[in-house]
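Keep the model open as you read.

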Amino acid sequence: MNMNPDHPSGQPPPVDMRRLAEITDGDITFEREMLDLFLSEFTKRIDRIAGSISEGNSEIIRREAHTLAGSSANMGADYLGDLARDIEHAAREGALERCAPLFEPLRVEAERVRAFLESRLNEIS
């Protein structure tokens, strides 16, 4: 992982803005739409994963984590996507006992991504 000396925690930004610029081709209106959609959908997916972990529903965990992994990667939130993929694999293997401990880092990273993207939305609005 590349460390970012300009970030207080030394962590890289949660979203690769080059990827976001690539998919929006510099179209600010399209970028706003993408960010709004991603933020609303990813919040619902995080909530569904949490609820399904509590209920022990591995199929919903797997499906929601799979979708979250893909959409995160598309947006340039690669670490969030990796964390979701870990949960997806655990659920696919039926290892529900691994899902709960994997969820906390996902939740923390999701908050970083949310704050970052909301800040970006404020910049371009």
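Is Arg120, at 18% relative accessibility, buried or exposed? Arg120 counts as buried, where buried means under 20% relative accessible area, exposed means over 50%, and partly exposed is in between, using a 1.4 Å probe and protein chains only.

Before going further, a word on what you're looking at: this is a predicted model, in which local features need pLDDT of at least 70 and side-chain atom pairs count only at pLDDT 80 or more, while totals for chains, interfaces and linings use all residues. Residues are numbered from 1 along each chain as its sequence is written, and side-chain values use heavy atoms, with hydrogens and water left out.

Back to Arg120, which forms a salt bridge with Glu123, their closest N and O atoms being 3.1 Å apart. (A salt bridge here is a side-chain nitrogen of Lys or Arg within 4 Å of a carboxyl oxygen of Asp or Glu.) Both residues sit in helix α5, three residues apart, so about one helical turn separates them. Helices are DSSP runs (H or I, at least four residues), and strands are too (E, at least two), numbered from the N terminus. Elsewhere, salt bridges with shared partners link Glu41, Lys44, Arg45, Arg48 and Glu64 into one network.

Helix α5 (residues 96–124) holds another such pair, Glu111 and Arg114, again three residues apart and about one helical turn from each other. The closest N and O atoms of Glu111 and Arg114 are 2.2 Å apart. Glu111 is partly exposed at 36%, and Arg114 is partly exposed at 25%.

Now hop over to helix α4 (residues 78–92), where Arg85 and Asp82 are three residues apart, about one turn of the helix. They form a salt bridge too, with 3.2 Å between the closest N and O atoms. In the whole structure, a search finds 16 salt bridges.

What about the greasy part? The largest nonpolar core has 29 residues; such a core is a set of buried Ala, Val, Leu, Ile, Met, Phe, Trp, Tyr and Cys residues joined through side-chain atoms within 4.5 Å. Two or more residues each come from α2 (28–55), α3 (58–75), α4 and α5, and α5 gives the most, with eight. Among the residues with the most contacts inside the core is Ile49. Ile49 touches residues including Ile61, Leu68, Ile87 and Leu106, leaving aside those up to four places away in sequence (contact means heavy atoms within 4.5 Å).
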